[in-house]
Amino acid sequence: MIPPGLHFIFYSAVSKQGTVAPRTGFFHTFKEKEIVVKRYDTQQETLVDSDTEYQPKSIDNMLAPYPYQHYQRWCSLSTHITPTTVTRVQPQCTLIQAATPLLTNPHAAQDVARATSVEDKLDANFIQDETQVMRFSKVDKKRATAGFSAAQLTQYYMDTTSSLNSLIEQSGSEEELLGELQISFVVFLLGHVYPAFEQWKLLVDTICRAQRSLAQRPDFYKTFIRTLHYHLKETPSDFFVDIVSRNNFLVTTLKLLFEGLREEEGVSGELRSRGQKFRAHLEKYYSWDFSFNEEDDPVVVEM
C-alpha cells in the first residue's frame, strides 16, 4: 500500500528500439486505502484517468511494491509541500514534463525579423505552451526598485530582504515559500525539469542574501537550514560547480549567509548556533571553504 499523503509519480515512454523519452510526472495526495487507476494513452504517450473501477484483489498481480526504503527520504524532502503549494505551482494541465511542449509562434515572422542571431531566429518560430510550464513565484526587480535612490539601489542588490518579502507575499506565507523551495528541488531531482533547478537556485540565493531578515525571521531560517541540509544529502559535492568559471554557486551563496549570521545584529543565539553547526558539517563532509577574505568585502564608492 502507498502511505497516505503527498507523492510524486513519474514515468517515461519507451520506444520499440529502447529509446527512453523525457520524464513526465504528477503530484497526488493519497488518502487511506485509496485506489488511483490510470491508463496509458498510446496516442498522447501519457497516463490519463481511467473510468474503470477495480477491486484491490483483482489488480494485485499487476502492482509493484512501494519502495519503503526511500519513504523517509521522501518525507524529508517534502515536509512543507502542501496541496495548496502543488495547486499554486504546478502547470495548469497538472502534468509536469521534463521537455515542455512547444507551439508554433503566431507572430513568428515579426519575431524572426527582429532576431539578431541564427539561434534567436530559430527560437522565434516556437513558443512555450504556458498551460504546461511550472508557475513559480517571481521577483519583479524593475517594479521593486521603482523610485529608489542610488543608495537604496545599492542596498537592494546587496541585501535581498525586499525580494524575500515579495516572494513570501506571493506564495502566501513563509511555510508556503519553503514548500516552493522543496517542490522546485523535487521536480528537478525526480522530474528532470531544469527550470525548477533554476528556481531553486533563485530561492536559495535570495534567502541567503536577505541579511536584515535573519533577525526578523529566525524560525524561517532555522527551517531553511534544515531543509537545505536534506537537499544537499541528495547531490554530489561538485554538483553546484560552474563548468566555465569553476565557482561553486552554493559555497559563494552560503558564505554570505554565514557571514550575516555572524555579523548581523539581533540574530537569535539558537539560529546562530544552528548556522555554525551547519557550516561545520559542510566544511567537514564536503571540504568547502567558507572563510571570508578582505577582498570579498563590498567596495564603497562615494559620489
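Start by selecting aspartate 159, which is buried at a relative accessible area of 4% (buried means under 20%, exposed over 50% and partly exposed in between, with a 1.4 Å probe and protein chains only). The model is predicted, so that local features need pLDDT of at least 70 and side-chain atom pairs count only at pLDDT 80 or more, while totals for chains, interfaces and linings use all residues. Residues are numbered from 1 along each chain as its sequence is written, and side-chain values use heavy atoms, with hydrogens and water left out.

Arginine 212 is partly exposed, with a relative accessible area of 35%.

Now select arginine 88 and glutamate 176, whose side chains form a salt bridge at 3.5 Å, N to O; Arg88, Glu176 and Glu180 are linked in a network of salt bridges. Glutamate 176 counts as buried, at 9% relative accessibility.

Move on to Trp200, Val204, Ile207 and Cys208 in helix 9, which meet Phe220, Tyr221, Phe224, Leu228 and His231 in helix 11 (contact means heavy atoms within 4.5 Å; helices are DSSP runs of H or I, at least four residues, numbered from the N terminus).

Finally, select leucine 254 in helix 12 (residues 249-263), which counts as buried at 0% relative accessibility. Not counting residues up to four places away in sequence, leucine 254 touches Cys208, Leu228, Phe278, Leu282 and Phe290.

How values were computed:
Helix = DSSP H or I, 4+ residues; strand = E, 2+ residues; numbered from the N terminus. Salt bridge = Lys/Arg side-chain N within 4 Å of Asp/Glu carboxyl O.
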